[in-house]
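Me: I am new to this structure. Could you show me how to read its features, one at a time?

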Amino acid sequence: FARMFVQVCLYFYCKCLWRCLKFVVRKLTGQCELQRICYNTKPGAARTMKIEASLKGSKSKRLQTSVNVHPDAIEKTIDDIMELKRINPDINPQLGVSLQACLLQIVGYRNLIAEVEKLRREPYDSENPQHEEMLLKLWKCLKPNSPLKARISKQWCEIGFQGDDPKTDFRGMGLLGLYNLVYFAEWDTEIAQQVLTDSLHPKYREVTKKELSHLSKAEWEKKKFDKAIGYSFAIVGINITDLAYNLLVSGALKTHFYNVAPEAPTLTHFQQTFCYLMHEFHKFWIDEDPLDIMEFNRVREKFYKRILRQLQNPEMALCPHFAASESLINM
């Protein structure tokens, strides 16, 4: 109880001290916290995340709720913030522009989570022509020279589904898994086809004497194929969709999206991130050189932690080579 009492007192002391410090700094600089952030931090994740933290941590309810407004209400929200902070917009025109860019990203990220969640919760329906059309498009993009003989077919195993009807494999991620796989196959076709080929046809490799001395005969029988030990492409794609989804809802992807999306991040940004994660996981899987597919969860968890560490860098942009990741407008 004594420890808890001390912690509570320390919390309120620090909170009061912090507010006093902010008051003193404002009097000395003539600028509120939002102004200091916008004027002293370059555009991107560093600025937007500081603005978001400042608004959420404000004692004003109007400022706290400003991160949850509808996109159409952002301009009105900026006017309210300027009025509340007693900032003359004619003297500080750049502040309004910067705040608007930040709020578009903040609100857009929240809306993106809702859009992704909606797709994840929508089950695959074989009676829905649009769902069926997307599924067939996936096959055509990945296997353009191999016609699908029937809708229900063992051929689906050739692109990494578990059985003769892929609809059962989408249960975990719903339509989101299919959307991501189709986007990867359609817009990053060459890489998607190469990853699929590698996952189906691991190559023989020579083992070094050092490796051989540490392997049993049974292990060597597993290891004698190339580092690209076969895995189910589609199933792994659905699993990486789950990984991307967790990064999104946890807020970890804010760093990336705030750096690559000048305004509101969209579903396309999320799908491009999925493409990057698929490509990077494939390389990571090869480098990890697992004994068999039973090591998938271990490799996935290690890969997930590596991505999380990268996203802790406020300058991080996971896939800057995509068209949507052009340089941010200097706002």
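Reply: Start with polar contacts. A polar contact is a pair of N or O atoms within 3.5 Å; within protein, one must be able to donate a hydrogen and the other to accept it, and residues adjacent in sequence count only if both atoms are side-chain atoms. Here, the side chain of Ser58 reaches the backbone nitrogen of Ser60 at 3.0 Å. One caution: this is a predicted model, where local features need pLDDT of at least 70, side-chain atom pairs count only at pLDDT 80 or more, and totals for chains, interfaces and linings use all residues. Residues are numbered from 1 along each chain as its sequence is written, and side-chain values use heavy atoms, with hydrogens and water left out.

Me: Where is Ser58 found?

Reply: First, the elements. Helices (H or I, at least four residues) and strands (E, at least two) are DSSP runs, numbered from the N terminus. Ser58 lies in the loop between helix H3 (45–56) and helix H4 (61–64). Contact means heavy atoms within 4.5 Å. Leaving aside neighbours within four places in sequence, Ser58 touches Leu63 and Gln64.

Me: Is Ser58 buried or exposed?

Reply: Buried means under 20% relative accessible area, exposed over 50%, partly exposed in between (1.4 Å probe, protein chains only). Ser58 has a relative accessible area of 10%, so Ser58 is buried. Asn259, in helix H13 (residues 254–260), counts as buried because its relative accessibility is 15%. The Asn259 side chain reaches the backbone oxygen of Met316 at 2.7 Å.

Me: How many helices and strands does the protein have?

Reply: There are 15 helices and zero strands. Of the 331 residues in the protein, 44% are buried. Now take contacts between residues at least 6 apart in sequence: 67% of them join residues at least 24 apart.

Me: At what angle do helix H12 and helix H14 pack?

Reply: Axes are lines fitted to C-alpha atoms, for helices over the stretch in contact, and angles run from 0 to 180 degrees between N-to-C directions. H12 (residues 233–249) and H14 (residues 267–288) pack at about 125°, with their axes 10 Å apart. Angles under 35 degrees count as roughly parallel, over 145 as roughly antiparallel, 65 to 115 as roughly perpendicular and the rest as oblique. H12 is therefore oblique to H14.

Me: Which residues make the contact of H12 with H14?

Reply: H12 supplies residues including Phe233, Ile240 and Leu247, while H14 supplies Phe270, Phe274, Leu277, Met278 and Phe281. Ala, Val, Leu, Ile, Met, Phe, Trp, Tyr, Cys and Pro count as nonpolar, Asp, Glu, Lys and Arg as charged, and the others, Gly among them, as polar. This contact has 13 nonpolar, two polar and no charged residues.

Me: How do H14 and helix H15 pack?

Reply: The angle is about 125°, and the axes of H14 and H15 (residues 296–311) are 10 Å apart. H14 and H15 are therefore oblique to each other. Among the contact residues are Glu280, Trp285 and Glu288 of H14 and Arg298, Phe303 and Arg306 of H15. By class, there are nine nonpolar, one polar and six charged residues.

Me: What should I know about phi?

Reply: Most residues other than glycine have a negative phi. Arg86 has a positive phi of about 55° although it is not a glycine. Arg86 sits in the loop between helix H5 (74–84) and helix H6 (93–121). Arg86 is exposed, with a relative accessible area of 78%. Asp289, also not a glycine, has a positive phi of about 50°. Asp289 is in the loop between H14 and H15, and at 12% relative accessibility Asp289 counts as buried.
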